[in-house]
Amino acid sequence: MDTGERIALRSRMLIGRSAVCDLRVEDARVSSEHAGLGWTGAGWEVRDLGSKNGTFVGERRLAVGERIPLLPGDLLTLGAPRPPATAFVLADAEAPAASARQAQTGVVRAASAGLIVLPDDENPRASVVEQHDGSWAVEAQGTARLASDRETVVVDGEAWILDLPQRSSSTVEGGGGGAPTLSTIALRFAVSRNEERVHITVVCPDRDIELPARSHHYLLVTLARARLAAAAEPPAQRGWLDRDELCRMLATDELRLNVEVCRARKQFSALGIQGAASIVDRRMGTGQIRLGVERVDVRQM
């Protein structure tokens with residue numbers, strides 16, 4: 001309240017004077033680990049951690065260990081019930097964004113459309129991808145595995161701490177006439193005779209979208225062909241290619257493949273397609289990859 005500074009909240013915030021706190025407060029009335037602020041999946045709550053001078057929401061002092069909801073506009077003060085004690089107002093009660101924080105520098109990479117790329121988009125050594133059920137997966141060193149909130153992921157020798165907030169409910173695909181999802185779209189590919197040009201049309205329930213040509217379209221048509229070739233197999237088994245085999249087919253290496261995957265995901269995310277990060281899907285615990293859209297058509301120009 002005294003500076004007007006806006007602070008982006010992670011899903012769990014430790015507040016106090018200690019250097020280990022997520023939000024450090026230089027005020028003698030504030031204990032070293034004074035209070036905790038957290039996202040429950042449905043809203044925000046604050047908890048007093050046994051502070052000497054108390055945690056207050058409005059005029060109410062919390063009991064030690066007590067948790068109460070924090071609502072938009074609520075005044076949270078530390079050490080006394082009102083300013084000039086350190087005071088904050090919850091300005092935005094929306095869910096926090098998933099993110100990864102570089103442990104040494106504090107640089108934060110926030111999720112965009114269910115995707116966090118580490119260390120950055122130009123050097124995608126690892127990705128953290130939201131799954132259909134709201135869980136997250138870490139894709140690194142050619143394999144995928146489930147991620148945990150607050151776990152540390154090491155990328156090129158740098159430690160990144162994941163913040164993966166609980167989602168209040170799972171995304172419902174294909175309902176209510178809202179944004180298209182990977183399950184409600186189809187992809188039409190037109191490939192030149194020399195394989196140098198690939199045109200993609202995204203067929204949505206209400207319209208067709210012609211995509212501007214990009215180099216990663218050849219990756220997508222290769223994965224589409226693998227799906228079509230496996231049409232006789234059960235749906236869960238269709239179209240998976242081993243990473244090394246795919247690199248050979250594309251005459252590329254793993255780093256370049258990661259770049260193409262990242263660019264494909266971002267292009268489809270820009271269309272507003274829900275779950276677009278799974279346009280290229282990786283199988284848990286393996287190095288296998290497939291196209292995340294079931295309905296595909298590949299024709300020659």
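In helix H1, the buried residues (under 20% relative accessible area, with exposed meaning over 50% and partly exposed in between, for a 1.4 Å probe and protein chains only) include His217, Leu219, Leu220, Val221, Thr222, Leu223, Ala224, Ala226 and Arg227. Helices (DSSP runs of H or I, at least four residues) and strands (runs of E, at least two) are numbered from the N terminus. The model is predicted, so local features need pLDDT of at least 70 and side-chain atom pairs count only at pLDDT 80 or more, whereas totals for chains, interfaces and linings use all residues. Residues are numbered from 1 along each chain as its sequence is written, and side-chain values use heavy atoms, with hydrogens and water left out.

**Helices**

Helix H1 covers residues 217–229. The expected span of a helix is 1.5 Å times one less than its number of residues. For the 13 residues of H1 this gives 18 Å, which agrees with the 18 Å between its end C-alpha atoms. An α-helix has 3.6 residues a turn, so residues three or four places apart point the same way.

Helix H2 (residues 243–250) contains Cys247. Cys247 is buried, its relative accessible area being 8%. Contact (heavy atoms within 4.5 Å) is made by Cys247 with Thr252, Asp253, Glu254 and Leu257, when neighbours within four places in sequence are left aside. For Leu257, which is 10 residues from Cys247 along the chain, the C-alpha separation is 7.0 Å.

Ser269 belongs to helix H3 (residues 254–269). A polar contact is a pair of N or O atoms within 3.5 Å; within protein, one must be able to donate a hydrogen and the other to accept it, and residues adjacent in sequence count only if both atoms are side-chain atoms. A polar side-chain atom of Ser269 lies 2.8 Å from the backbone oxygen of Arg265. Not counting residues up to four places away in sequence, Ser269 touches Ala113, Ala276 and Ala277.

**The four-stranded sheet**

Four strands form an open sheet in the order S6-S5-S8-S9, with antiparallel pairing. Its edge strands, S6 (60–61) and S9 (86–89), each pair on one side only. Two strands pair if DSSP finds at least two bridges between them. Strand S5 (residues 55–57) and S6 are joined in the antiparallel sense by two bridges, and Val57 has Arg60 in S6 as its bridge partner. Strands of a sheet pair through backbone hydrogen bonds, either parallel or antiparallel.

**Salt bridges**

A salt bridge is a side-chain nitrogen of Lys or Arg within 4 Å of a carboxyl oxygen of Asp or Glu. By this rule the count comes to 22.

| Arg82 | Glu59 | 2.7 Å |

Arg82 and Glu59 form a salt bridge that links distant parts of the chain, 23 residues apart: Arg82 is in the loop between strand S8 (75–78) and S9, and Glu59 is in the loop between S5 and S6. Arg82 is partly exposed at 46% relative accessible area, and Glu59 is exposed at 54%.

**Backbone geometry**

Most residues other than glycine have a negative phi, and most peptide bonds are trans. The bond between Pro83 and Pro84 is cis, with omega about 20°, and Pro84 is in the loop between S8 and S9. The bond from Leu118 to Pro119 is also cis, with omega near -5°; Pro119 lies in strand S12 (residues 115–120).

Asp156, a residue other than glycine, has a positive phi near 50°. Asp156 is in the loop between strand S16 (152–155) and strand S17 (158–163), and is exposed at 52% relative accessibility. Ala251 also has a positive phi, near 55°. Ala251 lies in the loop between H2 and H3 and is exposed at 74% relative accessibility.
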